[in-house]
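User: I'm new to this one. Can you walk me through it?

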Amino acid sequence: IGLTYSIIIKLDEALGDKALSVIQTDPYKVLELTDTIPFSAIDEVYINSGGSPYSKRRTAVGLLWSLKKAAVMEGSTGCYSISLKKKFLHLLSFEEKDENVYWETLTRLKYSGDIVISEVKGKLNSYEVVFYKKYLDMEERIAGALHILEHEGIPNTKKISKGVIESEIKEAFKSAGLQFKDYPDENNET
């Protein structure tokens with residue numbers, strides 16, 4: 001199917017026996033189930049199997065992939081629409097003349113609830129910022145928890161156990177559809 005050995009290992013780790021079936025039926029599903037495999041590897045399988053470069057599934061997953069990567073690189077939950085458009089066109093090997101595909105995909109994802117678009121007003125101009133909804137929800141949940149801790153604290157405790165903090169962080173990641181990896185630490189409390 002045209003995948004490198006390292007990608008096959010990652011597929012096996014993420015999906016086990018279901019990997020081949022998922023790749024054959026909906027290769028982009030892999031990108032929803034794990035973030036360890038690059039879009040380009042899955043996209044190559046789809047295109048080489050005769051998939052349309054303009055399919056709604058490909059463009060939606062490509063835009064979300066571009067948004068997630070841009071958000072992580074910028075340390076945010078979103079990015080400017082103009083920057084996202086460039087990343088999207090580049091990732092999917094589209095040209096500027098294909099920018100209507102970007103706008104159509106952006107609109108579809110907005111109405112499906114996968115993204116949130118907000119206008120930010122500057123001194124001279126206003127800009128659209130596109131947010132990945134799962135990241136935005138996670139950020140709001142963490143901010144809410146921190147607000148409660150800051151203003152109410154936890155009654156009758158001086159320290160918060162590491163387990164409570166990790167549990168809250170894992171739950172926030174899980175609710176956002178992300179993976180959380182445990183890192184061993186010798187300290188049991190922070």
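User: At what angle do helix H5 and helix H7 pack?

Analyst: This is a predicted model. In it, H5 (residues 56–74) and H7 (residues 99–112) pack at an angle of about 80°. Their axes are 10 Å apart.

User: Roughly parallel or roughly perpendicular, then?

Analyst: Roughly perpendicular. Angles from 65 to 115 degrees count as that, so H5 and H7 qualify.

User: Which residues in H5 and H7 meet?

Analyst: H5 brings Lys56, Thr59, Ala60, Leu63 and Leu64. H7 brings Val101, Tyr102, Thr105, Leu106, Arg108 and Leu109. The residues of this contact divide into seven nonpolar, two polar and two charged.

User: New topic. How many salt bridges does the structure hold?

Analyst: Seven. Side chains of opposite charge can pair when their charged atoms come close.

User: What does Glu32 form a salt bridge with?

Analyst: Arg57. The closest N and O atoms are 2.8 Å apart. The pair links distant parts of the chain: Glu32 is in helix H3 (residues 29–33) and Arg57 is in helix H5, 25 residues apart.

User: How accessible is Glu32, and what about Arg57?

Analyst: Glu32 has a relative accessible area of 43%, so it is partly exposed. Arg57 is partly exposed too, at 30%.

User: And Lys85, what is its partner?

Analyst: Lys85 forms a salt bridge with Glu96. Here the closest N and O atoms are 3.9 Å apart. This pair also links distant parts of the chain. Lys85 sits in helix H6 (residues 81–91), while Glu96 is in the loop between H6 and H7, eleven residues apart.

User: Does Lys85 count as buried or exposed?

Analyst: Buried, because its relative accessibility is 11% and the cut-off for buried is under 20%. Glu96 counts as partly exposed, at 48%.

User: What about Asp137 and Lys133, where do they sit?

Analyst: Both are in helix H8 (residues 133–151). They are four residues apart, so about one helical turn separates them.

User: How accessible are Asp137 and Lys133?

Analyst: Asp137 is partly exposed, with a relative accessible area of 34%. Lys133 counts as partly exposed at 29% relative accessibility.

User: Last one. Which residues do salt bridges that share partners join into one network?

Analyst: Asp26, Lys29, Glu32 and Arg57.

Key
Residues are numbered from 1 along each chain as its sequence is written. This is a predicted model: local features need pLDDT of at least 70, side-chain atom pairs count only at pLDDT 80 or more; totals for chains, interfaces and linings use all residues. Side-chain values use heavy atoms; hydrogens and water are left out. Axes are lines fitted to C-alpha atoms, for helices over the stretch in contact, and angles run from 0 to 180 degrees between N-to-C directions. Helices (H or I, at least four residues) and strands (E, at least two) are DSSP runs, numbered from the N terminus. Angles under 35 degrees count as roughly parallel, over 145 as roughly antiparallel, 65 to 115 as roughly perpendicular and the rest as oblique. Contact means heavy atoms within 4.5 Å. Ala, Val, Leu, Ile, Met, Phe, Trp, Tyr, Cys and Pro count as nonpolar, Asp, Glu, Lys and Arg as charged, and the others, Gly among them, as polar. A salt bridge is a side-chain nitrogen of Lys or Arg within 4 Å of a carboxyl oxygen of Asp or Glu. Buried means under 20% relative accessible area, exposed over 50%, partly exposed in between (1.4 Å probe, protein chains only).
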